[in-house]
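Here are my notes for someone opening this model for the first time. Have it on screen while you read, and take the points in order.

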Amino acid sequence: MATTVQEPRKTEVRRRPARNSGNGGWRNLVPADGNLLAVEEYSPPPSSSAIWVGIAAITMSFAAFTSALIVRQGSSTDWRHITLPSILYVSTLVLLASSVTLEVARRRVAAFMGGLKSQVVSSERWLYMTLSLGLLFVVAQYAAWLQLRSQGLYLATNPNSSFFYVFTAVHAVHVSGGLGGLVRVAHKLHKSVLRRSTLDATSYYWHFMGVLWLYLFLLLWLKL
């Protein structure tokens, strides 16, 4: 007696229709309509926690410097008060003004990403203004060092001048890092590939530099 073997039933597999991303199969890069700005604005941001880790590390560093200054002042017999260079008042105003111009640039960039193409030139102008003010702040810090040198106050002259040079120099180095971030933001904006998260992270860092300088300026004014 012959045995009949039934052929297994074929399972019909339904496949989702492939979405046309407009980039040869690479999804989530460029949409079909070519609106790259929309992708850059809504794409997952990079590790934004890195900027906060950096800010926390800088805060801890300057907290340690502050503690060292207070301990050194309380235990020393060679503490000589110095007059802060007058240029520091100007540099403080310059750095505060740069935070204002950066916030204006952020608003213009937000309008640009929202579809207002006319805002791109204005955004770049305000960013370059922020860069100019940041560079002017660094130059003013160097001028303050020259003023101290003209008074015969060097890094190793006394504890006061040592702390002044250390505080202002380390802060200027971090401001220079912020200037590099602003250059990167301006370049990406010019190429229309700027992410909103990149601009926000750079802005947070720059504003932190301004707040940190206000703290340092008050500390130096009270302690030195």
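Which residues does A140 touch, not counting residues up to four places away in sequence?

1. A140 touches I87 and S91 once those sequence neighbours are set aside, where contact means heavy atoms within 4.5 Å. A140 sits in helix α4. At 9% relative accessibility, A140 counts as buried; buried means under 20% relative accessible area, exposed over 50% and partly exposed in between, with a 1.4 Å probe and protein chains only. A140 and Y89 are 51 residues apart in sequence, and their C-alpha atoms are 9.7 Å apart in space.

2. A word on what you're looking at. This is a predicted model, in which local features need pLDDT of at least 70 and side-chain atom pairs count only at pLDDT 80 or more, while totals for chains, interfaces and linings use all residues. Residues are numbered from 1 along each chain as its sequence is written, and side-chain values use heavy atoms, leaving out hydrogens and water.

3. Now the overall picture. The protein chain has six helices and zero strands, so the pattern along the sequence reads α-α-α-α-α-α, given that helices (H or I, at least four residues) and strands (E, at least two) are DSSP runs numbered from the N terminus. Of its 224 residues, 37% count as buried. The protein chain exposes about 13,800 Å², with carbon and sulfur atoms supplying 62% of that; the areas come from the Shrake-Rupley method with a 1.4 Å probe, and for residues only the protein chains shown count as cover. Among contacts between residues at least 6 apart in sequence, 76% join residues at least 24 apart.

4. Next, find helix α2 (residues 49–75) and helix α5 (residues 159–190). They pack at an angle of about 175 degrees, with their axes 11 Å apart; axes are lines fitted to C-alpha atoms, for helices over the stretch in contact, and angles run from 0 to 180 degrees between N-to-C directions. On the α2 side the contact includes F62, F65 and L69, and on the α5 side F163, F167 and V170 are among the residues they meet. By class, the contact of α2 with α5 has nine nonpolar, three polar and one charged residues. Here Ala, Val, Leu, Ile, Met, Phe, Trp, Tyr, Cys and Pro count as nonpolar, Asp, Glu, Lys and Arg as charged, and the others, Gly among them, as polar.

5. α5 also packs against helix α6 (residues 196–223), at about 165 degrees and with axes 10 Å apart. That pair is therefore roughly antiparallel as well. The contact of α5 with α6 divides into 15 nonpolar, nine polar and two charged residues.

6. Have a look at N160 in helix α5. N160 is buried, with a relative accessible area of 0%. Leaving aside neighbours within four places in sequence, N160 is in contact with W79, R80, H81, I82, K223 and L224.

7. Finally, L153 lies in the loop between α4 (119–150) and α5. Is L153 buried or exposed? At 11% relative accessibility, L153 counts as buried. Beyond neighbours within four places in sequence, L153 is in contact with I82, L148, N158, S161 and Y165. The C-alpha atoms of L153 and I82 are separated by 9.0 Å, though the two are 71 residues apart along the chain.

Note on methods: Parallel < 35°, antiparallel > 145°, perpendicular 65-115°, else oblique.
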